[in-house]
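Hi there,

Here is the structure I promised to pass on to you. Have a look at it first, and then read my notes below.

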Amino acid sequence: MSAKDKINNKAEDLAGQAKEKLGKATGDEQTKNEGKADQTKSNLKDAGEKVKDAFRD
């Protein structure tokens with residue numbers, strides 16, 4: 001996994017966490033759910049990159 005991919009995935013995860021917390025604080029379920037979805041997407045990308053790395057070794 002390249003460093004750029006790691007940084008992008010982490011940034012997306014952190015943005016998702018912030019969005020989820022904002023949604024919780026404001027009572028906005030849609031924003032909260034979007035934040036969770038962003039985090040899930042980031043985790044899936046990270047897992048995919050790890051699988052690719054495993055096959056490269």
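Residues 24 or more positions apart make up 50% of the contacts in the protein with a separation of 6 or more, where a contact means heavy atoms within 4.5 Å.

A word on the source: this is a predicted model, in which local features need pLDDT of at least 70 and side-chain atom pairs count only at pLDDT 80 or more, while totals for chains, interfaces and linings use all residues. Residues are numbered from 1 along each chain as its sequence is written, and side-chain values use heavy atoms, leaving out hydrogens and water.

The protein has two helices and zero strands (DSSP runs numbered from the N terminus: H or I of at least four residues for helices, E of at least two for strands). Its radius of gyration is 13 Å, well over the 10 Å that the globule rule gives for 57 residues, so the protein is more spread out than a compact globule (the radius is taken over C-alpha atoms, and the rule is 2.2 Å times the number of residues to the power 0.38). The C-alpha trace spans about 45 × 15 × 10 Å along its principal axes.

Of the 57 residues, 25% count as buried, meaning under 20% relative accessible area with a 1.4 Å probe, protein chains only. In helix H2, the buried residues include Thr31, Gly35, Gln39 and Ser42. What do the buried residues of H2 pack against? They pack against helix H1 (3-26).

Enjoy exploring!

Terms used:
Buried < 20%, exposed > 50% of the residue type's maximum accessible area, 1.4 Å probe, protein only.
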